Amino acid sequence: MESGFIELKLDCSEETQNGHAAGRHIHLRSGSKAEQELSINCDLLRRQCSLGDGADVSFLVGGHKFHAHRAVLAAGSPAFRDLLFGPTAAAASMDGIRVEGVKPETFRILLQYMYAGALPGGNEIAGAPTAEMLRNLVAAADACGMERLKLACAQKLSERVSAETVAATLCLAETHDCPELRKKCMDFLAEEENLCSAALSEGYVQLMQSFPSVLDELRARLCSGLQSSDYKDFCSLF
């Protein structure tokens with residue numbers, strides 16, 4: 001390790017498992033003064049995050065350097081609070097914190113969410129968030145204890161379930177405890193046509209190997225209603 005640096009490892013792999021809690025939502029009437037003020041404040045906070053004015057901590061992620069404010073991060077994430085105001089707080093104020101296990105773009109959105117409490121708009125990222133980016137955000141949010149961000153990204157993923165994405169998304173839901181997302185994926189796979197298409201995707205083999213209980217559940221839901229002549233061929237998908 002280089003002198004002057006400490007390392008923060010965000011375990012965003014398929015092995016991380018954390019609990020979850022219900023998110024809290026504030027509903028404002030469209031066009032209300034409170035909504036307009038909230039929008040302005042979010043824009044200011046995003047700008048503060050982008051410019052790094054008054055920043056007192058920095059992070060190195062995949063060759064990119066991000067500046068931030070320790071109080072904001074501590075308020076937005078239990079993991080950052082422990083890091084920045086725990087035993088390693090003195091070291092964290094030196095040259096920077098090297099972050100491993102997360103992509104720079106994922107970390108940038110993670111920081112922006114802690115400042116503004118909302119995902120960035122389409123004009124702030126290179127196109128619409130892909131399913132892969134959303135999965136990375138769910139994993140990173142889970143590692144950082146950012147439940148609202150995790151739920152927001154899981155909701156967006158549930159709207160994009162397809163034969164190409166369902167296996168990888170279901171693996172993610174199982175690993176990071178996203179029950180609503182898991183239900184959406186299981187209901188999708190419970191359709192014979194969807195399952196046959198998903199079985200050709202890259203993530204299907206990993207799903208079978210990593211979560212055999214999921215396949216047991218699917219087999220019970222699907223194969224029980226088949227005629228004996230069709231049973232063997234259809235259940236070979238499992």
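Reader: What share of the contacts in the protein chain with a separation of 6 or more comes from residues 24 or more positions apart?

Author: Good place to start! Contact means heavy atoms within 4.5 Å. Here, residues 24 or more positions apart account for 67% of the contacts with a separation of 6 or more. A word on the source: this is a predicted model, where local features need pLDDT of at least 70 and side-chain atom pairs count only at pLDDT 80 or more, while totals for chains, interfaces and linings use all residues. Residues are numbered from 1 along each chain as its sequence is written, and side-chain values use heavy atoms, with hydrogens and water left out.

Reader: How many helices and strands does the protein chain have?

Author: Helices (H or I, at least four residues) and strands (E, at least two) are DSSP runs, numbered from the N terminus. The protein chain has 13 helices and four strands.

Reader: Which strand is joined to strand E2, and by how many bridges?

Author: Two strands pair if DSSP finds at least two bridges between them. In this model, E2 (residues 57-61) and E3 (residues 64-68) run antiparallel and are joined by five bridges. Across the pair, phenylalanine 59 stands opposite phenylalanine 66. The two strands form a hairpin with two residues between them, and glycine 62 in the turn has a positive phi of about 55°.

Reader: Which residues of helix H5 are buried?

Author: Buried means under 20% relative accessible area, exposed over 50%, and partly exposed in between (1.4 Å probe, protein chains only). Of the 238 residues of the protein chain, 41% count as buried. In H5, the buried residues include Phe107, Ile109, Leu110 and Tyr113. Eleven of the 13 residues of H5 are buried, so this helix is largely enclosed by the rest of the structure. Just after H5, glycine 117 takes a positive phi of about 70°.

Reader: What span should H5 have, and how far apart are its end C-alpha atoms?

Author: The expected span of a helix is 1.5 Å times one less than its number of residues. For H5 (residues 104-116) that gives 18 Å, and its end C-alpha atoms are 18 Å apart, which agrees.

Reader: Is threonine 106 buried or exposed, and what is threonine 106 in contact with beyond its sequence neighbours?

Author: Threonine 106 belongs to H5 and is buried, with a relative accessible area of 3%. Leaving aside neighbours within four places in sequence, threonine 106 is in contact with Asn136, Leu137 and Ala140.

Reader: What do the buried residues of helix H6 pack against?

Author: They pack against helix H3 (78-85), H5, helix H7 (147-158) and H8. Eleven of the 14 residues of H6 are buried, so H6 is largely enclosed by the rest of the structure. Among them are Leu137 and Ala140. After H6 comes glycine 145, with a positive phi near 70°.

Reader: How do helices H8 and H9 cross?

Author: Axes are lines fitted to C-alpha atoms, for helices over the stretch in contact, and angles run from 0 to 180 degrees between N-to-C directions. The axes of H8 (residues 166-175) and H9 (residues 179-189) come within 9 Å and cross at roughly 145°. Residues meeting there include Leu170 and Leu172 in H8, and Cys185 and Phe188 in H9.

Reader: Where is valine 72 found, and which residues does valine 72 touch?

Author: Valine 72 is found in helix H2 (residues 70-76) and is partly exposed, with a relative accessible area of 25%. Not counting residues up to four places away in sequence, valine 72 touches Met114 and Tyr115. Valine 72 and methionine 114 are 42 residues apart in sequence and 6.9 Å apart in space, C-alpha to C-alpha.
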